[in-house]
Amino acid sequence: MHEPAVPHLHDQDPEIAGMVEDEARRQFEKLRLIASENYVSPAVLEAAGSVLTNKYSEGYAGKRYYEGQQLVDPIETLAIDRAKELFGVEHANVQPYSGSPANLAVYMAFLEPGDPVMGLSLPMGGHLTHGWSVSATGKWFRPVRYEVRADTGRVDMDQVRDLALKERPKLIWCGGTAIPRTIDFPVFAEIAREAGAVLAADIAHIAGLIAGGAHPSPVGHADVISTTTHKTLRGPRGAMVMSTAEHAKAVDKAVFPGLQGGPHNHTTAAIAVALKEASQPGFATYARQVVANAKALAAALLDRGYDLISGGTDNHLILIDLTSKGIGGKPAAQALDRAGIELNYNAVPFDTRKPFDPSGLRVGTAAVTTRGLGEEHMPRVAAWMDEVVQAASKQDESTVERVAGQVRELLADYPMPGWTSAP
Ligand SMILES: *Cc1c(COP(=O)(O)O)cnc(C)c1O
(Lines give C-alpha, C1' and ligand atoms only; values in the text may rest on other atoms or scores of the structure.)
Protein backbone atom coordinates (compact mmCIF):
# COMPACT_ATOMS: atom_id res chain seq x y z
CA MET A 1 0.00 0.00 0.00
CA HIS A 2 0.91 3.65 -0.39
CA GLU A 3 3.34 4.95 2.21
CA PRO A 4 2.57 7.28 3.94
CA ALA A 5 -0.86 5.60 4.21
CA VAL A 6 -3.90 7.47 2.90
CA PRO A 7 -6.74 6.38 5.24
CA HIS A 8 -8.71 9.64 4.98
CA LEU A 9 -8.56 9.45 1.22
CA HIS A 10 -10.00 5.92 1.37
CA ASP A 11 -12.90 7.17 3.51
CA GLN A 12 -13.69 10.31 1.58
CA ASP A 13 -12.90 9.37 -1.99
CA PRO A 14 -12.42 5.64 -2.48
CA GLU A 15 -12.37 6.11 -6.25
CA ILE A 16 -9.24 8.29 -6.18
CA ALA A 17 -7.74 6.32 -3.26
CA GLY A 18 -8.04 3.12 -5.25
CA MET A 19 -6.23 4.60 -8.20
CA VAL A 20 -3.48 6.05 -5.98
CA GLU A 21 -2.94 2.60 -4.43
CA ASP A 22 -2.94 0.97 -7.85
CA GLU A 23 -0.43 3.51 -9.14
CA ALA A 24 1.85 2.80 -6.16
CA ARG A 25 1.69 -0.91 -6.96
CA ARG A 26 2.28 -0.25 -10.66
CA GLN A 27 5.42 1.75 -9.78
CA PHE A 28 6.53 -1.12 -7.53
CA GLU A 29 6.08 -3.80 -10.16
CA LYS A 30 7.56 -2.04 -13.18
CA LEU A 31 11.08 -1.46 -14.30
CA ARG A 32 10.86 2.31 -14.59
CA LEU A 33 13.35 3.49 -17.20
CA ILE A 34 11.83 6.86 -18.08
CA ALA A 35 14.88 9.12 -17.96
CA SER A 36 13.10 12.06 -16.31
CA GLU A 37 11.52 10.03 -13.50
CA ASN A 38 12.56 8.76 -10.09
CA TYR A 39 11.17 7.62 -6.73
CA VAL A 40 11.15 10.28 -3.98
CA SER A 41 11.65 9.36 -0.34
CA PRO A 42 8.72 9.04 2.10
CA ALA A 43 10.09 12.18 3.82
CA VAL A 44 9.74 14.15 0.58
CA LEU A 45 6.22 12.72 0.11
CA GLU A 46 5.24 13.78 3.64
CA ALA A 47 6.54 17.33 3.19
CA ALA A 48 4.78 17.61 -0.19
CA GLY A 49 1.52 16.39 1.36
CA SER A 50 1.65 18.73 4.36
CA VAL A 51 -0.55 21.64 5.53
CA LEU A 52 1.91 24.04 3.92
CA THR A 53 -0.37 23.73 0.88
CA ASN A 54 -2.87 25.88 2.80
CA LYS A 55 -0.67 28.97 2.93
CA TYR A 56 -0.34 31.93 0.56
CA SER A 57 3.08 33.63 0.52
CA GLU A 58 3.43 35.94 -2.49
CA GLY A 59 6.78 37.68 -2.31
CA TYR A 60 10.04 36.63 -0.69
CA ALA A 61 11.13 36.03 2.92
CA GLY A 62 10.78 39.28 4.88
CA LYS A 63 8.86 40.95 2.00
CA ARG A 64 5.55 39.10 1.71
CA TYR A 65 2.18 40.40 0.64
CA TYR A 66 0.29 38.26 3.18
CA GLU A 67 0.62 37.90 6.96
CA GLY A 68 1.34 34.69 8.85
CA GLN A 69 4.73 33.86 7.32
CA GLN A 70 6.40 32.97 10.65
CA LEU A 71 7.19 29.45 9.45
CA VAL A 72 7.10 29.77 5.67
CA ASP A 73 9.92 32.36 5.68
CA PRO A 74 12.42 30.11 7.50
CA ILE A 75 11.36 27.09 5.41
CA GLU A 76 11.99 28.90 2.13
CA THR A 77 15.23 30.41 3.47
CA LEU A 78 16.43 26.95 4.47
CA ALA A 79 15.62 25.58 1.00
CA ILE A 80 17.56 28.48 -0.59
CA ASP A 81 20.54 28.05 1.73
CA ARG A 82 20.67 24.32 1.03
CA ALA A 83 20.54 24.90 -2.74
CA LYS A 84 23.35 27.46 -2.51
CA GLU A 85 25.46 25.12 -0.40
CA LEU A 86 24.82 21.99 -2.48
CA PHE A 87 25.46 23.56 -5.89
CA GLY A 88 27.95 26.21 -4.74
CA VAL A 89 25.94 29.09 -6.22
CA GLU A 90 25.57 32.68 -5.02
CA HIS A 91 21.83 32.88 -5.53
CA ALA A 92 18.91 30.46 -5.70
CA ASN A 93 15.21 30.97 -6.31
CA VAL A 94 13.18 27.92 -5.29
CA GLN A 95 9.72 29.20 -6.26
CA PRO A 96 9.27 28.17 -9.94
CA TYR A 97 6.33 25.78 -10.24
CA SER A 98 8.20 23.46 -12.59
CA GLY A 99 10.98 23.37 -15.15
CA SER A 100 9.10 25.11 -17.97
CA PRO A 101 8.05 28.12 -15.84
CA ALA A 102 11.62 28.28 -14.48
CA ASN A 103 12.90 28.59 -18.04
CA LEU A 104 10.29 31.23 -18.88
CA ALA A 105 11.60 33.17 -15.88
CA VAL A 106 15.07 33.08 -17.44
CA TYR A 107 13.65 34.68 -20.62
CA MET A 108 11.77 37.23 -18.52
CA ALA A 109 14.96 38.10 -16.63
CA PHE A 110 17.23 38.63 -19.63
CA LEU A 111 15.23 39.10 -22.87
CA GLU A 112 12.60 41.29 -24.48
CA PRO A 113 9.98 39.74 -26.80
CA GLY A 114 11.45 39.16 -30.26
CA ASP A 115 15.03 38.83 -29.03
CA PRO A 116 17.13 36.04 -30.53
CA VAL A 117 17.64 32.93 -28.37
CA MET A 118 19.76 29.92 -29.21
CA GLY A 119 19.14 26.35 -28.11
CA LEU A 120 19.58 22.74 -29.14
CA SER A 121 16.91 21.71 -31.62
CA LEU A 122 14.12 19.62 -30.03
CA PRO A 123 14.49 16.52 -32.24
CA MET A 124 18.23 16.60 -31.50
CA GLY A 125 17.68 16.44 -27.74
CA GLY A 126 16.77 20.01 -26.80
CA HIS A 127 13.75 21.04 -24.72
CA LEU A 128 10.55 22.69 -25.97
CA THR A 129 11.33 25.76 -23.87
CA HIS A 130 14.66 26.35 -25.63
CA GLY A 131 12.82 28.06 -28.50
CA TRP A 132 10.93 25.24 -30.24
CA SER A 133 8.24 26.53 -32.59
CA VAL A 134 5.14 25.23 -30.76
CA SER A 135 6.36 26.66 -27.45
CA ALA A 136 5.71 30.23 -26.32
CA THR A 137 9.49 30.56 -26.28
CA GLY A 138 9.62 29.87 -30.03
CA LYS A 139 6.66 32.14 -30.78
CA TRP A 140 7.61 35.13 -28.61
CA PHE A 141 11.36 35.09 -29.22
CA ARG A 142 13.47 34.53 -32.34
CA PRO A 143 14.85 31.00 -32.14
CA VAL A 144 18.26 30.00 -33.51
CA ARG A 145 18.88 26.26 -33.37
CA TYR A 146 22.06 24.28 -33.17
CA GLU A 147 22.26 20.53 -33.72
CA VAL A 148 24.34 17.45 -33.05
CA ARG A 149 26.86 16.15 -35.57
CA ALA A 150 25.60 13.29 -37.75
CA ASP A 151 28.89 11.38 -37.42
CA THR A 152 29.33 11.62 -33.62
CA GLY A 153 25.83 12.22 -32.29
CA ARG A 154 27.36 14.92 -30.09
CA VAL A 155 26.54 18.63 -29.97
CA ASP A 156 28.30 20.39 -32.85
CA MET A 157 30.34 23.00 -30.98
CA ASP A 158 31.72 24.47 -34.22
CA GLN A 159 28.18 25.11 -35.37
CA VAL A 160 27.32 26.59 -31.96
CA ARG A 161 30.19 29.08 -32.32
CA ASP A 162 29.43 29.94 -35.96
CA LEU A 163 25.71 30.49 -35.31
CA ALA A 164 26.36 32.46 -32.13
CA LEU A 165 28.74 34.86 -33.87
CA LYS A 166 26.46 35.22 -36.90
CA GLU A 167 23.05 35.47 -35.19
CA ARG A 168 24.18 37.18 -31.95
CA PRO A 169 21.60 35.58 -29.65
CA LYS A 170 21.04 37.42 -26.37
CA LEU A 171 20.66 34.09 -24.59
CA ILE A 172 22.24 30.70 -25.25
CA TRP A 173 20.82 27.54 -23.71
CA CYS A 174 22.93 24.49 -23.11
CA GLY A 175 21.45 21.26 -21.82
CA GLY A 176 18.41 19.28 -22.91
CA THR A 177 16.20 16.25 -22.49
CA ALA A 178 17.91 13.56 -24.54
CA ILE A 179 21.64 14.26 -24.34
CA PRO A 180 23.60 11.11 -23.43
CA ARG A 181 26.94 12.93 -23.16
CA THR A 182 28.67 15.40 -20.85
CA ILE A 183 27.82 19.02 -21.55
CA ASP A 184 30.95 21.09 -22.19
CA PHE A 185 30.08 24.10 -20.03
CA PRO A 186 33.50 25.83 -20.34
CA VAL A 187 33.34 25.88 -24.16
CA PHE A 188 29.72 27.09 -24.13
CA ALA A 189 30.82 29.87 -21.75
CA GLU A 190 33.65 30.89 -24.04
CA ILE A 191 31.30 31.07 -27.03
CA ALA A 192 28.69 33.03 -25.06
CA ARG A 193 31.38 35.50 -24.03
CA GLU A 194 32.56 35.93 -27.62
CA ALA A 195 28.98 36.46 -28.81
CA GLY A 196 28.02 38.75 -25.93
CA ALA A 197 25.23 36.39 -24.88
CA VAL A 198 23.96 35.28 -21.48
CA LEU A 199 24.67 31.57 -20.97
CA ALA A 200 21.85 29.57 -19.38
CA ALA A 201 22.54 25.97 -18.35
CA ASP A 202 19.37 23.88 -18.12
CA ILE A 203 20.44 21.01 -15.87
CA ALA A 204 16.94 19.57 -15.34
CA HIS A 205 18.04 16.04 -16.21
CA ILE A 206 21.48 15.99 -14.63
CA ALA A 207 21.06 18.11 -11.47
CA GLY A 208 21.34 15.05 -9.22
CA LEU A 209 24.46 13.87 -11.03
CA ILE A 210 26.02 17.32 -10.60
CA ALA A 211 25.04 17.43 -6.92
CA GLY A 212 26.54 13.99 -6.44
CA GLY A 213 29.74 14.83 -8.31
CA ALA A 214 29.02 12.50 -11.25
CA HIS A 215 28.82 15.25 -13.92
CA PRO A 216 30.82 18.52 -14.17
CA SER A 217 29.06 21.59 -12.79
CA PRO A 218 28.08 24.67 -14.82
CA VAL A 219 28.84 26.87 -11.81
CA GLY A 220 31.53 29.40 -12.71
CA HIS A 221 30.65 29.02 -16.42
CA ALA A 222 26.92 29.74 -16.81
CA ASP A 223 25.39 33.08 -15.83
CA VAL A 224 22.14 31.40 -14.89
CA ILE A 225 21.21 27.78 -14.17
CA SER A 226 17.71 26.36 -14.28
CA THR A 227 16.73 22.94 -13.06
CA THR A 228 13.79 20.81 -12.17
CA THR A 229 13.96 19.19 -8.75
CA HIS A 230 12.22 15.91 -9.61
CA LYS A 231 14.48 14.08 -12.07
CA THR A 232 17.91 12.80 -10.99
CA LEU A 233 17.78 15.23 -8.04
CA ARG A 234 14.99 13.04 -6.60
CA GLY A 235 12.82 15.77 -5.10
CA PRO A 236 9.19 16.85 -5.56
CA ARG A 237 7.79 18.26 -8.81
CA GLY A 238 9.33 21.72 -8.81
CA ALA A 239 12.22 23.79 -10.06
CA MET A 240 14.90 26.31 -9.18
CA VAL A 241 16.71 29.12 -10.93
CA MET A 242 20.23 29.71 -9.67
CA SER A 243 22.62 32.49 -10.64
CA THR A 244 25.54 34.66 -9.73
CA ALA A 245 24.82 37.47 -7.24
CA GLU A 246 24.88 39.91 -10.15
CA HIS A 247 21.67 38.47 -11.63
CA ALA A 248 19.87 37.71 -8.36
CA LYS A 249 17.46 40.66 -8.54
CA ALA A 250 16.55 40.06 -12.19
CA VAL A 251 15.87 36.36 -11.53
CA ASP A 252 13.73 37.01 -8.46
CA LYS A 253 11.73 39.77 -10.15
CA ALA A 254 11.11 37.51 -13.15
CA VAL A 255 9.73 34.63 -11.06
CA PHE A 256 7.61 36.94 -8.89
CA PRO A 257 5.89 39.19 -9.80
CA GLY A 258 6.99 38.64 -13.41
CA LEU A 259 5.41 35.26 -13.98
CA GLN A 260 3.96 33.66 -10.91
CA GLY A 261 1.76 34.36 -7.91
CA GLY A 262 2.14 32.54 -4.62
CA PRO A 263 4.84 29.90 -4.28
CA HIS A 264 3.80 26.31 -3.50
CA ASN A 265 5.05 26.15 0.07
CA HIS A 266 4.50 22.40 0.44
CA THR A 267 6.76 21.94 -2.59
CA THR A 268 9.33 24.36 -1.17
CA ALA A 269 9.51 22.29 2.02
CA ALA A 270 9.84 19.08 0.02
CA ILE A 271 12.61 20.66 -2.09
CA ALA A 272 14.42 21.57 1.15
CA VAL A 273 14.15 17.94 2.29
CA ALA A 274 15.40 16.61 -1.06
CA LEU A 275 18.34 19.03 -1.01
CA LYS A 276 19.26 17.82 2.46
CA GLU A 277 19.11 14.22 1.22
CA ALA A 278 21.24 15.11 -1.81
CA SER A 279 23.93 16.59 0.44
CA GLN A 280 24.48 13.29 2.30
CA PRO A 281 27.45 11.11 1.27
CA GLY A 282 25.03 8.35 0.24
CA PHE A 283 23.72 10.56 -2.55
CA ALA A 284 27.14 10.81 -4.19
CA THR A 285 27.24 7.00 -4.14
CA TYR A 286 23.77 6.99 -5.70
CA ALA A 287 24.76 9.44 -8.46
CA ARG A 288 27.85 7.42 -9.37
CA GLN A 289 25.78 4.23 -9.42
CA VAL A 290 23.20 5.82 -11.75
CA VAL A 291 26.00 6.49 -14.26
CA ALA A 292 27.62 3.08 -13.76
CA ASN A 293 24.26 1.41 -14.39
CA ALA A 294 23.65 3.45 -17.54
CA LYS A 295 27.11 2.55 -18.86
CA ALA A 296 26.50 -1.13 -18.07
CA LEU A 297 23.09 -1.08 -19.76
CA ALA A 298 24.55 0.73 -22.80
CA ALA A 299 27.33 -1.87 -23.09
CA ALA A 300 24.82 -4.73 -22.90
CA LEU A 301 22.61 -3.13 -25.56
CA LEU A 302 25.60 -2.58 -27.86
CA ASP A 303 26.49 -6.26 -27.37
CA ARG A 304 23.03 -7.11 -28.65
CA GLY A 305 23.50 -5.03 -31.79
CA TYR A 306 21.60 -1.91 -30.79
CA ASP A 307 22.64 1.45 -32.24
CA LEU A 308 23.07 4.06 -29.54
CA ILE A 309 23.23 7.76 -30.37
CA SER A 310 26.85 8.87 -29.77
CA GLY A 311 27.75 5.21 -29.22
CA GLY A 312 27.08 5.14 -25.49
CA THR A 313 26.57 7.38 -22.48
CA ASP A 314 28.39 9.54 -19.93
CA ASN A 315 25.35 10.12 -17.72
CA HIS A 316 22.03 8.51 -16.74
CA LEU A 317 20.55 8.45 -20.24
CA ILE A 318 20.72 6.27 -23.33
CA LEU A 319 19.15 7.09 -26.70
CA ILE A 320 18.54 4.01 -28.85
CA ASP A 321 18.04 4.20 -32.63
CA LEU A 322 15.80 1.26 -33.61
CA THR A 323 16.08 1.81 -37.37
CA SER A 324 18.28 -1.26 -37.91
CA LYS A 325 15.82 -3.37 -35.88
CA GLY A 326 13.00 -2.70 -38.32
CA ILE A 327 10.51 -1.40 -35.75
CA GLY A 328 9.34 2.09 -34.82
CA GLY A 329 9.88 3.60 -31.38
CA LYS A 330 6.19 3.72 -30.51
CA PRO A 331 5.20 0.06 -31.04
CA ALA A 332 8.43 -0.97 -29.28
CA ALA A 333 7.76 1.31 -26.30
CA GLN A 334 4.16 0.05 -26.06
CA ALA A 335 5.22 -3.61 -26.08
CA LEU A 336 7.93 -2.90 -23.51
CA ASP A 337 5.34 -1.22 -21.27
CA ARG A 338 3.13 -4.31 -21.50
CA ALA A 339 6.23 -6.30 -20.51
CA GLY A 340 6.68 -4.17 -17.38
CA ILE A 341 9.51 -2.09 -18.83
CA GLU A 342 8.45 1.53 -18.87
CA LEU A 343 10.26 4.00 -21.11
CA ASN A 344 9.40 6.50 -23.83
CA TYR A 345 9.66 6.62 -27.59
CA ASN A 346 11.83 9.49 -28.72
CA ALA A 347 13.07 11.19 -31.85
CA VAL A 348 16.67 10.50 -32.76
CA PRO A 349 18.88 13.10 -34.50
CA PHE A 350 18.07 13.33 -38.24
CA ASP A 351 15.03 11.09 -37.68
CA THR A 352 13.30 10.07 -40.89
CA ARG A 353 10.09 9.03 -39.12
CA LYS A 354 7.34 11.31 -37.81
CA PRO A 355 7.53 12.85 -34.29
CA PHE A 356 4.50 10.82 -33.10
CA ASP A 357 6.16 7.55 -34.13
CA PRO A 358 9.88 8.30 -34.23
CA SER A 359 12.78 5.88 -34.54
CA GLY A 360 14.13 5.94 -31.02
CA LEU A 361 13.73 4.91 -27.42
CA ARG A 362 15.00 6.97 -24.50
CA VAL A 363 16.15 5.09 -21.41
CA GLY A 364 17.36 6.32 -18.02
CA THR A 365 18.65 4.62 -14.90
CA ALA A 366 17.78 7.12 -12.13
CA ALA A 367 14.67 5.31 -10.85
CA VAL A 368 15.92 1.72 -11.05
CA THR A 369 19.08 2.78 -9.22
CA THR A 370 16.95 4.21 -6.41
CA ARG A 371 15.31 0.78 -6.20
CA GLY A 372 18.76 -0.73 -5.61
CA LEU A 373 19.51 -2.36 -8.96
CA GLY A 374 23.20 -2.47 -9.87
CA GLU A 375 25.43 -3.05 -12.86
CA GLU A 376 25.03 -6.82 -12.41
CA HIS A 377 21.33 -6.51 -13.35
CA MET A 378 21.84 -4.52 -16.54
CA PRO A 379 22.67 -7.41 -18.90
CA ARG A 380 19.38 -9.03 -17.87
CA VAL A 381 17.48 -5.78 -18.46
CA ALA A 382 19.06 -5.48 -21.92
CA ALA A 383 18.18 -9.11 -22.67
CA TRP A 384 14.54 -8.52 -21.70
CA MET A 385 14.39 -5.36 -23.81
CA ASP A 386 15.84 -7.22 -26.78
CA GLU A 387 13.41 -10.13 -26.39
CA VAL A 388 10.43 -7.78 -26.23
CA VAL A 389 11.54 -5.62 -29.18
CA GLN A 390 11.88 -8.79 -31.26
CA ALA A 391 8.58 -10.15 -29.98
CA ALA A 392 6.86 -6.85 -30.83
CA SER A 393 7.78 -7.12 -34.49
CA LYS A 394 6.29 -10.66 -34.54
CA GLN A 395 3.12 -9.95 -32.50
CA ASP A 396 4.42 -12.48 -29.98
CA GLU A 397 2.40 -11.58 -26.87
CA SER A 398 3.38 -14.66 -24.88
CA THR A 399 7.01 -13.50 -24.69
CA VAL A 400 5.79 -10.05 -23.59
CA GLU A 401 3.74 -11.63 -20.79
CA ARG A 402 6.56 -13.91 -19.67
CA VAL A 403 8.96 -10.96 -19.40
CA ALA A 404 6.38 -8.97 -17.39
CA GLY A 405 6.29 -11.83 -14.89
CA GLN A 406 10.07 -12.03 -14.70
CA VAL A 407 10.34 -8.26 -14.16
CA ARG A 408 7.78 -8.42 -11.32
CA GLU A 409 9.69 -11.29 -9.76
CA LEU A 410 13.01 -9.41 -9.83
CA LEU A 411 11.55 -6.19 -8.44
CA ALA A 412 9.73 -7.95 -5.59
CA ASP A 413 13.11 -8.09 -3.82
CA TYR A 414 13.81 -4.36 -4.14
CA PRO A 415 11.82 -2.11 -1.82
CA MET A 416 10.22 1.03 -3.18
CA PRO A 417 10.11 4.30 -1.24
CA GLY A 418 6.43 5.25 -1.14
CA TRP A 419 5.02 1.72 -1.16
CA THR A 420 4.99 -1.13 1.31
CA SER A 421 3.76 -4.66 0.88
CA ALA A 422 2.31 -4.56 4.43
CA PRO A 423 -1.52 -4.51 4.30
C1 LIG B 1 12.05 18.22 -17.88
C2 LIG B 1 12.73 19.39 -18.50
C3 LIG B 1 12.19 20.69 -18.42
C4 LIG B 1 10.78 20.99 -18.01
O5 LIG B 1 10.34 20.55 -16.84
P6 LIG B 1 8.78 20.46 -16.50
O7 LIG B 1 8.84 20.37 -15.03
O8 LIG B 1 8.27 19.25 -17.19
O9 LIG B 1 8.13 21.72 -16.99
C10 LIG B 1 12.94 21.74 -18.90
N11 LIG B 1 14.15 21.54 -19.44
C12 LIG B 1 14.67 20.32 -19.56
C13 LIG B 1 16.02 20.16 -20.18
C14 LIG B 1 13.98 19.21 -19.10
O15 LIG B 1 14.52 17.99 -19.27
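Q: How far is an oxygen atom of the ligand from a polar backbone atom of Gly99?
A: This is a predicted model, in which local features need pLDDT of at least 70, side-chain atom pairs count only at pLDDT 80 or more, and totals for chains, interfaces and linings use all residues. Residues are numbered from 1 along each chain as its sequence is written, and side-chain values use heavy atoms, with hydrogens and water left out. A polar contact is a pair of N or O atoms within 3.5 Å. For the backbone of Gly99 and the ligand oxygen, the distance is 2.9 Å.

Q: What distance separates a polar side-chain atom of Lys231 from an oxygen atom of the ligand?
A: His205 places a polar side-chain atom 3.5 Å from a ligand oxygen. For Lys231, the corresponding distance to an oxygen of the ligand is 2.7 Å.

Q: How much of the area that the ligand exposes when taken alone does the protein bury?
A: Accessible areas come from the Shrake-Rupley method with a 1.4 Å probe. Alone, the ligand exposes 380 Å². The buried part of that is 86%.

Q: Which helix gives the largest share of the shell around the ligand?
A: The ligand is surrounded by 13 residues (a heavy atom within 4 Å). Ser98, Ser100, Asp202, His205 and Lys231 are the closest. Three residues of the shell, the largest share, come from a helix (a DSSP run of H or I, at least four residues) spanning residues 99–110, namely H5.

Conventions: A polar contact is a pair of N or O atoms within 3.5 Å; within protein, one must be able to donate a hydrogen and the other to accept it, and residues adjacent in sequence count only if both atoms are side-chain atoms. Helices (H or I, at least four residues) and strands (E, at least two) are DSSP runs, numbered from the N terminus.
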